[in-house]
Amino acid sequence: MKIVGVTSCPTGIAHTYMAAEKLQRTAIEKGYATKFETQGVKTEHVLSAAEIEEADVIILAIDKIVELDRFVGKKIKKVSTARAIKEPHLVIEEAINGKGTYIQQGSNNNTSQNSENKKSLYNHFMNGVNYMLPFVIAGGILIAISFAFGIEASDSSSDQYNVIAGALSKIGGDTAFALMVPALAAGIAVSFAGRAGFAPGLVAGTLAVAGGSGFLGGMIGGLVAGYITDKIANKINVKKSFQAIYQLIVVPLVAITVVGLSMVFLIDTPISWLLNVLTNFLNGLGETSGLVFGLLIGLMMAADMGGPINKSISTFSIGLMSAGVNAPIAACMIAGMTPPLGLALATIIFKHKFNEEERTSGKSCWILGASYITEGAIPFAVADPIRVIPSLMAGSAVAASISMASGVTSMAPHGGVWVMFIPNVISNLPMYFLALVAGTLVTAITVGLLKKTPVKKDKKISSELENKEGIA
């Protein structure tokens with residue numbers, strides 16, 4: 001029996017590789033030949049035509065649309081990356097037995113599979129987030145680096161002006177970070193309508209920035225642009241002789257006009273008002289209300305470690321940065337660091353509670369946690385969710401609550417511990433560091449108290465895995 005497949009999550013980071021690892025390990029335990037292609041930040045271990053042809057079943061653990069034409073005629077089992085991580089044995093068993101599988105048809109008969117993926121609002125938003133993140137991360141960190149020269153060094157009217165700081169601020173803040181909302185809207189629209197949605201989505205996002213509706217307006221504008229463009233470009237049958245001119249001229253002209261008018265007359269004004277109310281409320285949070293909001297942020301960040309709940313609150317907090325609200329993103333970052341850091345500490349303090357593989361993973365969690373990569377905690381959570389996940393949520397809630405109650409703000413949306421060394425990026429740095437330590441300790445101690453002594457695993461399987469190719 002030979003099983004091959006593809007794994008891919010919306011952001012192409014941890015879930016992609018965790019799903020491949022779980023499925024690969026499980027297949028080897030069952031004695032099957034296996035290989036999984038990971039479509040993450042880059043595509044690795046690409047399946048050859050021969051490997052696909054020889055496979056008895058294809059497992060697609062995907063959260064976004066992937067190219068399926070190369071699997072025509074093959075038996076397919078499609079699941080989410082989350083299910084592949086949590087239930088790899090069941091997924092493989094169902095694939096072998098034909099439960100929930102289908103025979104992949106050609107591209108002309110593939111509409112039902114693609115439309116099934118497109119129905120997920122989460123997938124649309126995550127596609128937009130994928131478009132947005134490079135601008136947010138690069139732009140935000142460049143702004144943060146410019147502050148290393150002084151808080152006023154990027155202001156050309158200041159006596160402390162520094163030409164390098166000014167250039168970095170212009171690249172990061174005035175350009176890259178300013179493209180965040182247009183990129184988000186364009187990504188959402190492309191998810192709906194394909195390439196035809198890019199221009200209307202970009203226009204919707206740009207109008208959202210200009211009209212004051214910002215991040216929320218960009219999200220709604222992207223949805224509107226995607227829906228309208230999809231109807232115009234993909235649902236209207238046009239004679240083949242007019243197809244080229246229709247797609248090149250009519251589709252963008254009509255879509256941009258309709259979307260633009262919708263933004264100007266229907267969306268911008270009410271969403272701008274809502275965003276202003278939300279901004280004033282968040283900026284006016286006191287210690288008690290800030291603590292409660294921080295508690296919520298922490299719980300959401302650790303609940304699924306990079307999944308939909310985590311991504312929703314972190315994306316929301318990134319959006320607030322464009323409105324000048326920088327406390328929630330600081331709380332998100334601290335709450336995202338403590339799960340891996342707490343587990344890394346737990347593998348040292350409570351060494352006997354973890355097997356050799358987990359102790360090895362704990363070492364990498366120091367770097368992952370310090371770098372604000374919450375997904376480093378996933379292997380531990382999958383292995384013992386009932387005890388580990390509540391522990392992670394407790395630690396993250398403590399860290400985020402302290403951060404919000406202390407009024408800590410961050411000028412960088414990412415970077416973890418490393419941006420803390422850049423002057424003027426994190427306000428109230430002592431309290432932020434205290435929040436990090438407190439959250440890490442709470443996570444480590446809670447995990448150590450709740451976790452049971454592990455059962456030893458078969459070393460033969462681990463040895464065989466190390467010699468296998470196909471995993472990043």
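## The sheet and its helices

The model is a predicted one, in which local features need a pLDDT of at least 70 and side-chain atom pairs count only at pLDDT 80 or more, whereas totals for chains, interfaces and linings use all residues. Residues are numbered from 1 along each chain as its sequence is written, and side-chain values use heavy atoms, with hydrogens and water left out. Helices (H or I, at least four residues) and strands (E, at least two) are DSSP runs, numbered from the N terminus. Two strands pair if DSSP finds at least two bridges between them.

Strand β1 (residues 2-8) is joined to strand β2 (residues 33-39) by 6 bridges, and the two run parallel. Strand β4 (residues 57-62) also pairs with β1 in the parallel sense, over 6 bridges. Within that pairing, Val6 has Leu60 of β4 as its bridge partner, and Ser8 stands opposite Ile62. The open sheet consists of 6 strands in the order β3-β2-β1-β4-β5-β6, with mixed pairing. Its edge strands, β3 (43-44) and β6 (101-103), each pair on one side only.

Helix α1 (residues 14-29) packs on this sheet and touches β1, β2, β3 and β4; its direction makes about 180° with that of β2. Helix α4 (residues 88-97) lies across β1, β4, β5 (75-79) and β6, and runs at about 155° to β5. Axes here are lines fitted to C-alpha atoms, for helices over the stretch in contact, and the angles run from 0 to 180 degrees between N-to-C directions.

In strand β1, 7 of the 7 residues are buried (under 20% relative accessible area; exposed is over 50% and partly exposed in between, with a 1.4 Å probe and protein chains only). Lys2, Val4, Val6 and Ser8 point one way from the strand, while Ile3, Gly5 and Thr7 point the other way.

Lys77 is a residue of strand β5. What is its relative accessibility, and is Lys77 buried or exposed? The value is 5%, so Lys77 counts as buried. Lys77 is in contact with residues including Ile58, Ile59, Leu60, Val91, Glu94 and Thr101, not counting those up to four places away in sequence; contact means heavy atoms within 4.5 Å.

## An aromatic pair

A pair of aromatic rings is described by the distance of the centres and the angle of the planes. Rings of Phe, Tyr and Trp (its six-membered ring) pair if their centres lie within 6.5 Å; planes under 30 degrees apart count as stacked, over 60 as edge-to-face and the rest as tilted. By this rule there is 1 aromatic pair. Phe354 and Phe380 form it in an edge-to-face arrangement, at 6.0 Å centre to centre with 80° between the planes. Phe354 lies in the loop between α14 (327-349) and α15 (356-370) and Phe380 in helix α16 (residues 378-383), so the pair ties together parts that are 26 residues apart in sequence. Both Phe354 and Phe380 are buried.

## Cysteines

The count of disulfides is 0, a disulfide being a pair of cysteine sulfur atoms within 2.5 Å. Cys332 is in no disulfide, and the nearest cysteine sulfur, that of Cys9, is 18 Å away. For Cys365, the closest cysteine sulfur is that of Cys9 at 17 Å, which is too far for a bond. Cys332 is buried, with a relative accessible area of 0%, and Cys365 is buried with a relative accessible area of 0%.

## Positive phi angles

Tyr372 is not a glycine, although its phi is positive at about 65°. Tyr372 lies in the loop between α15 and α16 and is buried, with a relative accessible area of 8%.

Asn424, in the loop between α17 (385-405) and α18, has a positive phi near 75° and is likewise a residue other than glycine. At 38% relative accessibility, Asn424 counts as partly exposed.

## Confidence of the model

The pLDDT, the predictor's confidence in each residue from 0 to 100, averages 86 over the protein, and 92% of the residues score at least 70. Among the elements, helix α18 (residues 429-450) has the highest mean pLDDT (95) and helix α5 (residues 111-118) the lowest (44). The pLDDT is below 50 over residues 108-118, a stretch with 14 contacts in the model beyond near neighbours in sequence. Residues 468-472 also stay under 50, and the model has 14 contacts for them beyond four places in sequence.
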